[in-house]
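Colleague: Hi! Could you walk me through this one? I'm still new to reading structures.

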Protein chains: 2
Amino acid sequence: MAASAPISKTIYLGAFVHSVSLQELEICPCGAIGVDEEGVIRFVERDVDGDTGRVYAKHEQWKGASVVRIQGKGFFFPGFIDTHTHAPQHPNTGLFGQTTLLSWLTTYTFPLEASLSSLPTAHRIYSNFVSRTLSHGTTTCAYYATIHVPATNLLASLCLARGQRALVGRVCMTTDMSPDYYRDASVASALRDSQASIDYIRAIDPHGAIVRPVVTPRFAPSCSTECLAALGALAHSTDSFIQTHISENTGEIALVRDLFPASDSYAAVYDAAHLLTPRTILAHAVHLSAAERKLVASRGAKIAHCPASNTALTSGCAPVRELLDAGLTIGLGTDVSGGFSPSILEECRQAIWASRFRAMCDGDAAKLTTGEVLYLATRGGAEVVGLEDKVGGFEVGMEWDAQMVRLGEVPVPVGLMGGDESEHEGDAADVDIAELANRGVDAPQTEPFRNGPVDVFGTESWDELVQKWVYSGDDRNTIAVWVRGRLVHQI
Amino acid sequence: MAASAPISKTIYLGAFVHSVSLQELEICPCGAIGVDEEGVIRFVERDVDGDTGRVYAKHEQWKGASVVRIQGKGFFFPGFIDTHTHAPQHPNTGLFGQTTLLSWLTTYTFPLEASLSSLPTAHRIYSNFVSRTLSHGTTTCAYYATIHVPATNLLASLCLARGQRALVGRVCMTTDMSPDYYRDASVASALRDSQASIDYIRAIDPHGAIVRPVVTPRFAPSCSTECLAALGALAHSTDSFIQTHISENTGEIALVRDLFPASDSYAAVYDAAHLLTPRTILAHAVHLSAAERKLVASRGAKIAHCPASNTALTSGCAPVRELLDAGLTIGLGTDVSGGFSPSILEECRQAIWASRFRAMCDGDAAKLTTGEVLYLATRGGAEVVGLEDKVGGFEVGMEWDAQMVRLGEVPVPVGLMGGDESEHEGDAADVDIAELANRGVDAPQTEPFRNGPVDVFGTESWDELVQKWVYSGDDRNTIAVWVRGRLVHQI
């Protein structure tokens with residue numbers, strides 16, 4: 001498999017950008033990062049200025065290593081971590097209409113997920129979606145699959161084959177919240193099937209270097225108290241991660257209150273089943289009470305913030321600043337297809353927008369900065385999926401999960417001098433404007449923007465280049481992606 | 001110039017989609033639209049099913065016409081109307097940081113706009129930006145330029161040369177709201193320069209078929225009472241459109257109250273200067289009072305809704321539903337670089353998100369539908385710029401301002417049967433999943449997504465295809481653009 005093909009010792013030369021902390025984004029214009037045959041970062045130099053000689057002077061034994069150099073305006077950035085998405089729902093990406101969570105599930109989601117009983121259908125969808133997420137620079141992804149064991153196992157195999165780190169979860173849903181045609185037959189069968197999927201994933205990747213299983217109760221309304229408790233026990237006995245949804249939508253919260261009258265809160269339902277652990281990923285957390293935040297934090301459970309989905313389904317704006325202040329660990333999740341994009345870069349923007357909408361009501365402190373959302377997309381996400389020692393930043397001993405970002409430079413129109421503003425003071429009398437305009441004509445324009453959507457004029461600071469990428473960039477700017485030092489996508 | 005090159009009589013064959021009204025989006029899967037040598041639509045057929053024979057049976061004299069056929073999954077859609085954007089600010093697209101309107105102006109905007117005193121600088125920026133907006137399917141654009149006459153005139157020349165319909169406005173700003181280094185010297189010189197730009201634009205396009213001038217007081221704080229009144233008179237005497245900003249940000253509104261103590265409201269400031277007319281475009285209108293809405297509506301002035309900008313600068317969420325209910329005419333504006341994208345398709349999404357945030361506070365009635373935002377982006381915008389009889393929809397007698405949209409189809413992985421869900425019930429025992437996964441391997445993936453960001457699986461209804469385009473599409477899906485029947489962009 002591709003994921004086991006050998007790689008060569010490589011020096012990544014050029015600018016790199018990564019989060020040092022929530023508050024600090026490091027931008028290093030003249031970097032060099034040495035990555036060994038295991039994909040482990042062995043050195044990080046900051047003053048190399050594109051000169052391999054300077055690298056060899058410090059690291060003589062790297063003289064024979066491959067060199068990957070940034071071309072044009074660009075930088076290396078850590079691979080994105082998507083802490084919450086539903087791979088089988090990708091054919092519905094962009095389809096949500098005017099629905100909200102519960103009507104969306106029955107209108108769009110259950111019929112589509114049920115179709116993955118067909119393995120060829122699953123193969124087509126999963127193959128496409130893993131390619132898509134990789135193309136957006138997502139090097140680690142926490143996937144929900146469906147209730148089907150073969151399709152779930154196929155997703156894990158695809159991630160392993162493509163070399164994308166993944167948590168892959170067979171979804172459990174035993175109650176009549178789910179339709180007859182798409183539901184676990186019993187708690188016993190749900191457990192058996194979940195165990196089968198865990199066993200398969202452990203068999204194909206025994207050390208969990210690329211793919212790991214994750215126990216996945218869909219959400220409280222889909223599972224009985226008995227089922228939730230059994231899944232808590234399964235996660236414990238198999239030493240697995242857990243992922244589920246919490247407090248996404250007010251109607252859902254009311255439903256949980258009705259279904260679990262003995263529990264004090266939504267979070268308490270999961271806690272009673274031992275599903276709140278340091279290896280639990282809770283998606284959404286839009287409407288958690290102060291007591292629930294405290295409970296979740298005390299258990300060390302983590303949050304997947306999914307603003308695109310929360311906006312599209314009118315679920316609400318998660319109070320990320322308050323959640324951070326409560327000590328919670330947060331990553332970003334695309335939540336396809338509640339979310340309308342497989343891109344974590346888009347999710348960064350959506351997190352910014354949602355925080356601004358909160359700021360319109362709650363004041364400026366709610367605003368997240370560009371650096372903060374990039375932290376959530378990398379270091380925060382790494383912590384959510386338990387990989388904070390391996391990925392999310394560029395440090396010696398961590399692994400090379402990275403993307404090469406290239407930005408497009410705006411050409412100077414033919415026949416005109418460059419943008420030197422002092423020498424060419426405009427004066428209508430001196431210049432034949434119609435002639436100038438004609439020199440700019442190339443109508444119809446044919447593919448003028450091969451280098452993607454970002455326009456760099458050359459006057460930008462490094463900080464501004466990063467801002468332009470975050471607010472205007474897309475997959476066209478992610479020209480290569482590596483996981484553990486292995487190239488997994490390129491354009 | 002390109003805009004005057006001859007075009008041939010053409011039949012556009014295939015699906016088309018356009019707004020009939022705010023409530024109704026027509027999707028015609030089997031259309032044919034005949035466009036004559038003047039770019040005027042001469043027939044619209046709805047039951048042709050890709051068969052030119054059926055067209056000729058009804059329109060014999062079109063037998064020699066060119067035929068442009070939709071390839072693959074796609075449709076013709078009216079060109080977008082951008083009712084508010086600032087071309088000189090494009091080098092700052094994506095740069096706004098944590099600023100709000102007034103700090104953003106001084107930090108980012110004035111220094112950049114001042115640099116367009118250099119005509120080569122202006123040429124590089126404007127040439128790039130006109131190409132960008134065309135590539136996103138924008139066939140008509142209401143541009144703010146800068147205070148510089150030569151650069152403003154150059155923008156008009158470029159639009160004419162490229163064939164993009166435009167309103168082009170020299171910006172007027174006489175008060176110390178603007179910095180010393182970038183301000184009109186006096187009201188007299190502002191008037192003289194505005195007149196010069198109007199004269200130039202009228203000279204290069206006497207009938208205003210492509211480019212038209214627009215009187216452009218930046219916003220009330222930039223202009224004295226005297227200046228505003230003089231510009232109102234100038235618009236009247238030159239029979240010009242007017243564009244300005246209104247009620248974008250609460251700090252700005254407070255400033256206007258301080259600067260114009262004799263006026264009852266921000267809208268009243270403009271009204272006193274005779275700047276509220278049926279040919280006035282007011283950008284933003286986020287915080288208009290009920291009395292102001294009534295005043296604006298009574299004058300027939302129009303609104304440019306700019307949600308991307310309003311969100312990025314934390315200005316607020318314009319209450320579009322309420323503005324529509326008040327009888328106001330609304331289009332969409334990208335407001336680059338307060339807005340972070342030159343794409344009206346992105347603006348459609350932003351209008352949806354902003355309306356959902358309003359819905360979270362005000363209830364579901366605030367939610368705009370996909371059809372409604374597409375109306376604002378086309379018919380609504382056309383009415384805002386006074387072209388409702390010519391563009392925005394596909395009707396006999398209107399002109400062919402259109403884009404060809406193509407969506408990407410997801411391939412069936414090699415060696416597997418298609419997505420027939422009934423025949424291949426998954427069963428782990430029957431299928432070698434690792435083998436299936438390996439067949440899906442093409443690592444590293446190389447440019448798998450040439451056809452853009454939208455994934456079509458073949459099960460979508462036509463309505464769903466349109467939804468996928470709106471929520472996942474970008475300029476890669478706009479593969480050709482026409483204005484008045486003339487091809488102005490293609491990929």
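Colleague: How far apart are the C-alpha centres of domain 1 and domain 2 of chain A?

Modeller: They lie 30 Å apart. Keep in mind that this is a predicted model.

Colleague: Which residues belong to domain 1 and domain 2 of chain A?

Modeller: The domain assignment puts 1–78, 393–414 and 448–491 of chain A in domain 1, and 80–384 in domain 2.

Colleague: And how many residues does the contact take from each domain of chain A?

Modeller: Domain 1 of chain A gives 35 residues and domain 2 of chain A gives 27 residues.

Colleague: How is the size of an interface often given?

Modeller: Often as the accessible area that is lost when the parts come together. Here, domain 1 and domain 2 of chain A bury about 2,600 Å² between them, with 63% of it on carbon and sulfur atoms.

Colleague: Which residues of domain 1 of chain A lose the most area to domain 2 of chain A?

Modeller: Those are A:L22, A:V470 and A:Y471, which together make up 25% of what the domain 1 side buries.

Colleague: OK, how many salt bridges does the rule find across the interface of domain 1 and domain 2 of chain A?

Modeller: The rule finds three salt bridges there. It also finds nine residue pairs in polar contact across the interface of these two domains of chain A.

Colleague: Which element of chain A supplies the largest share of the domain 1 side that touches domain 2?

Modeller: That's helix 15 of chain A, with six residues. Other elements of chain A supply at least two residues each to that side, including strand 1 (10–19) and strand 20 (486–490).

Colleague: What classes of residue does that side of domain 1 of chain A have?

Modeller: It has 19 nonpolar, 10 polar and six charged residues.

Colleague: New topic! Where does A:S115 lie?

Modeller: A:S115 is in the loop between helix 2 (101–114) and helix 3 (119–135) of chain A.

Colleague: Is A:S115 buried or exposed, and why?

Modeller: A:S115 counts as buried because its relative accessibility is 7%, and the cut-off for buried is under 20%. A polar atom of the A:S115 side chain also lies 2.6 Å from the backbone oxygen of A:L112.

Colleague: Last one, over in chain B: where is B:F76 found?

Modeller: B:F76 is in strand 5 (residues 74–78) of chain B. With a relative accessibility of 1%, B:F76 counts as buried too.

Colleague: How many residues apart along the chain are B:F76 and B:F394?

Modeller: They are 318 residues apart along the chain, while their C-alpha atoms are separated by 9.6 Å.

Note on methods. Residues numbered from 1 in each chain as written. Chains lettered and ligands numbered in written order. Predicted model: local features only at pLDDT ≥ 70, side-chain atom pairs only at ≥ 80, totals over all residues. Heavy atoms only, no water. Domains from an automatic or database assignment. Contact = heavy atoms within 4.5 Å. Buried area = accessible area lost by both parts, 1.4 Å probe. Salt bridge = Lys/Arg side-chain N within 4 Å of Asp/Glu carboxyl O. Polar contact = N/O pair within 3.5 Å; in protein donor to acceptor, adjacent residues only side chain to side chain. Helix = DSSP H or I, 4+ residues; strand = E, 2+ residues; numbered from the N terminus. Nonpolar A, V, L, I, M, F, W, Y, C, P; charged D, E, K, R; others polar. Buried < 20%, exposed > 50% of the residue type's maximum accessible area, 1.4 Å probe, protein only.
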